[in-house]
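Dear colleague,

Please find below the structure that I am handing over to you. My findings follow directly after it.

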Amino acid sequence: MSKSLPIRKLSPETVAKIAAGEVIERPASVVKELVENALDAGARQIRVEIGRGGIDFIRVSDDGCGIAAGDLPLAFERHATSKLLSESDLEQIATLGFRGEALPSIAAVADVEMTSRPAIADAGAVLRATDGSVVACEPVGTPPGTTVTVRGLFRRQPARLKFLRSPQSEAGQIANLTGHYALAYPEVRFSLLTDGRLTLSTPGSGRLIEAAAGVYGYQVAEQLLPLQDDEPDEEARTAAISGLVSPAGLSRATRSYISLFINRRWVRNRPLAFAVEEAYRGMLMAGRYPIAVIDLRIRPSEVDVNVHPAKTEVRLRRERDVFSTLQRKVRRTISKYSPIPDVSTKAWSPSWPTRVSLTEGEARQERMLDGSPEARAMGAGPAEQPALTRQLPVLRALGQVGLTYVAAEGPQGLYLVDQHAAHERILFERFLAAGSVPPDKQALLEPVAVELSLRQRALISELAEALTEQGFVIEPFGDKTCLVRAVPAALGDKDIAAAVLRFLDLLEAEDKAADGRERVAMSLACHGAVRAGQALSPDEMRELLRQLEETQSPGTCPHGRPTMIHLSADALAREFRRR
């Protein structure tokens, strides 16, 4: 019989840590709250500094309005805010923050130092807080604005600390977040320093295209198209929509490049992101997504931002109307400016080794699958052959279906093999085993400069060891560029820069929960595998099937898609009414 426990009030310290867990999930959560406070304070310059992915320290400095010395301790009281005056203000929220939970939540899980001074004050003040309590507040000389330094995040909550990812991964999350706010506020000059190195800088000129260049690089930004502002008045009243979108010829392997801002708040809204994707229907290949920076201005009374502790989700009263307006505007823009893509066929040569000669045993097995009299005669004595341990039977290639599937015959019936998925499996297992032997790499006569986005640079840093193991030699070169000195032979191409960028697209789309070596191997396999729509010679089809038979998991590609379907001999007989 269970014992009833008495009901007790939680201690203030426990309540603070529970509330902090809803707001502060990782270092990027701290940066988000501090950057939003700086923007609400009217900052025109925001500088973010992080050490070891924000786990060791985070510093956010701004030139905003500052906080009076007498108000600094109150700022660390829960539900204390300067952004709401009455309950009715909840219907017209025009600021990024409003809950009054950010600073006390951060102080509950880290050591915090805040220095601030309003421009009209002669001096500022510095406040120090630890374990959720203010321990000191004293005058200090400081320029106008506010600087918040956070140290030892989750140091006293080891259970929370162990769930963080690597410092490189956490730094990538912060870079992604900072980049989004730089796009939402192009008139604000953003800079991000990671372990003392400048990794993001925007000019604060007020031009979205220049902010996009700071985040994605100039080569991408110069291709982006401004959304056409030609909606009729009755539609424009639903939402004023502006921004930039990519032409049909520029895409990415993940939808994370679709950035949505509602009243300058970065939000995740699946229906609106889907509206952008739908606008490209028929223009992009399956699995490819556009780059989009969408700024929606909607009356605050039509938006409910008070639905999530981290304020990343919102509800719209007229979401269906906004969806259709956004989809129509994006479609109109890309239809007007995007040229028809130039489709060209590139000659392909297989990246698997062609077998020159067969052993006697291999020759006998292949003849047994042949329909010749010789094969039937040799089939009478299969006991001479040693037993082979296989997950697939020996298959005989018959031809291609739609230049996508290899039709093959086996002892158990008919097989249709997806040539891309099968080749992916072959290459994946080969790349995954590459750690025990020197990588098969192509050294470049001259290094190739490649301009990378912030997320791509963070990805290379995070997976540096796995990339080196596969034969990449990539070095930083300035703030936004790297030098490629060698690539895996499977990535060899006339246009090395384009090949590296395509590979990074695939790498970014891979499952983040997978091991780094697996992610790199999967992306290389996908990049190097034969494509659907490419013709294979009879020898190439035979070699593809032979190597698939020798893999450890021939039934699926590395991403879990089936490599083949099987129609048994019994099923064929039933369909033709032979049984």
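In this predicted model, Phe 76 touches Leu 103, Pro 104, Ala 107, Val 112, Met 114, Leu 127, Ala 129 and Val 134, leaving aside residues up to four places away in sequence. Phe 76 also belongs to the largest nonpolar core, which has 64 residues. Together with Val 35, Leu 39, Ile 46, Val 150, Tyr 181 and Phe 190, Phe 76 is among the residues with the most contacts inside that core. Helix α6 supplies the largest share of this core, namely eight residues. Another core, of 30 residues, lies apart from it and includes Phe 431, Leu 467, Leu 491 and Ala 525.

The packing of α6 against α2 may also interest you. The axes of α2 (residues 27–40) and α6 (residues 167–184) come within 9 Å and cross at roughly 25°. Since angles under 35 degrees count as roughly parallel, the two helices are therefore roughly parallel to each other. The crossing of α2 past α6 is right-handed. On the α2 side, the contact is made by Pro 27, Ala 28, Val 31, Lys 32, Val 35, Glu 36 and Leu 39; α6 contributes Glu 170, Gln 173, Ile 174, Leu 177, Thr 178 and Tyr 181. By class, eight residues of this contact are nonpolar, two are polar and three are charged.

As regards the chain as a whole, its secondary structure comprises 20 helices and 22 strands. Of its 579 residues, 48% count as buried. Among contacts with a separation of 6 or more, 69% are between residues 24 or more positions apart.

With kind regards

Technical notes
Residues are numbered from 1 along each chain as its sequence is written. This is a predicted model: local features need pLDDT of at least 70, side-chain atom pairs count only at pLDDT 80 or more; totals for chains, interfaces and linings use all residues. Side-chain values use heavy atoms; hydrogens and water are left out. Axes are lines fitted to C-alpha atoms, for helices over the stretch in contact, and angles run from 0 to 180 degrees between N-to-C directions. Helices (H or I, at least four residues) and strands (E, at least two) are DSSP runs, numbered from the N terminus. Angles under 35 degrees count as roughly parallel, over 145 as roughly antiparallel, 65 to 115 as roughly perpendicular and the rest as oblique. A crossing is left-handed if the near helix is turned anticlockwise from the far one by less than a right angle, and right-handed if clockwise. Contact means heavy atoms within 4.5 Å. Ala, Val, Leu, Ile, Met, Phe, Trp, Tyr, Cys and Pro count as nonpolar, Asp, Glu, Lys and Arg as charged, and the others, Gly among them, as polar. A nonpolar core is a set of buried Ala, Val, Leu, Ile, Met, Phe, Trp, Tyr and Cys residues joined through side-chain atoms within 4.5 Å. Buried means under 20% relative accessible area, exposed over 50%, partly exposed in between (1.4 Å probe, protein chains only).
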